[in-house]
Amino acid sequence: MKRDAKKTWTVMITVFAMVVTLCLPAASPAQESTGSIEGVVSDPSGAVVAGATVTITSKKTGRSLTTTTTGAGVFIMRAIQPGEYEVKVEASGFKTGVRQVTVQVGAASIGDVSLEVGSPTEVVTVQAESSLQVNTVENKVYDVINQRQIENLPLNGRNFLDLAQLSPGVQIVDGGNFDPTKNQFTGISVGGRSGRVTRIQVDGIDISDETVGTTTQNISQDALQEFQLSQSSLDPSTSLTSSGAVNIVTRSGGNDIHGSAFFFYRDEEVAAVPVTFTGIESIDQQLKSAEFDREQGGFSVGGPFIKDKLFWFVNFEKS
C-alpha cells in the first residue's frame, strides 16, 4: 500500500508540474526583458584579435557565459539579465584583459577590450568608464532608471509608473480620463500622445490593458530592478506600438542575502487642505471633512538557495 501511495503522489506531482509548465506564457524574442554586451577585441596597434576567449561573469550570481571573437574580433552575448558583469578576454600572446560592464534592460552595452602583449597569466583591468558615454551600438531613444535610483526616489503613493515622468517629453495622466474603471490608475503620455496605448511590459510579459489602456497590474516599487522607457526607434523586443513603451525587469536573489523594510505614514496635518472662506463654521466643517490617513509598509529580501545556481526573492507591500 505504501508503494502505491508513493507512486500516486509521484504521478500527481508530475502531472501538476506539466500543467504549470504548459500554462506559463511562452518566451519569445518579441518580449525580451534582458540586455546584451557587444564589443571588439583589439591589440595595441588597433588590429582586431580573432579567436579570443571571452568570459562574462555576473557579480551578483556568479554565473559565467563564454564565447569567442569572430574573424573581425567581435563578440556578442545576448539575453543577459541586467546587472554588473566582469568581461574577461584571453588570447595567446596577450595579457588577460578584464573590463567591468553594466548591463541595462533592453539596451546593448559596449564591452570593447584592448589587449596588451605579454603572458596570459598577467591581468590588465580596464577602469570603469563614465555611464554618460555615447552609445554607438543602438539608435533608439530611451531612458533607464536603475535599482539605486528606484530605491531612493520618493514616489507619492508609490505608483511604479510615476517613474516614467523622469524622462523628458513624458507626462503622467489620470487613467480615469480613459475609463471610470481606471480611476487611481496611471497612464503614460509620450510626446503629447494620449497615453492610452503606451505598452507596459514586466519581465517580458505585456501587462497593458488592451481594452481601455494603462495597466492591468500594480507592482511594488521595491520589487523593481530597472525601469526603461523607450520613446522612438523601438526595436523588436517591444510589443507592437508607435507611442512609446515601458520595459520593466523585477529583482531576483543573489549569492548574498540582502533586504530592506519600510513604513510611510501621512495624514491631513502634513498635507495642504483646500478651504473656501465662507465663514468660521464652514471652515471647521471643511477641515473635519478633509481628514486623511495613509499608511504604507512592506519589505523585500533575497538570497541563495544554492550558491551560483538557485536563488530566491520575496517582496510584500501593504497600503
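The model is predicted, so local features need pLDDT of at least 70, side-chain atom pairs count only at pLDDT 80 or more, and totals for chains, interfaces and linings use all residues. Residues are numbered from 1 along each chain as its sequence is written, and side-chain values use heavy atoms, without hydrogens and water.

Strands of a sheet pair through backbone hydrogen bonds, either parallel or antiparallel. Here, an open sheet of three strands has the order 17-18-19, with antiparallel pairing; strands are DSSP runs of E with at least two residues, and helices are runs of H or I with at least four, numbered from the N terminus. Two strands pair if DSSP finds at least two bridges between them. Strand 17 (258-267) and strand 19 (310-318) are the edges: each has a single partner strand, so one side of each lacks a neighbour in the sheet. Strand 17 is joined to strand 18 (residues 293-306) by 10 bridges.

Elsewhere, Thr55 belongs to strand 2 (residues 53-58). Thr55 is buried, at 15% relative accessibility (buried means under 20% relative accessible area, exposed over 50%, partly exposed in between, with a 1.4 Å probe and protein chains only).

Side chains of opposite charge can pair when their charged atoms come close. A salt bridge is a side-chain nitrogen of Lys or Arg within 4 Å of a carboxyl oxygen of Asp or Glu, and the count is nine. In one of them, Asp222 pairs with Arg158 at 3.2 Å between the closest N and O atoms. Asp222 lies in the loop between strand 14 (205-206) and strand 15 (224-232), and Arg158 in the loop between helix 2 (147-152) and strand 11 (170-174), so the pair ties together parts 64 residues apart in sequence. Asp222 is buried at 12%, and Arg158 is buried at 7%.
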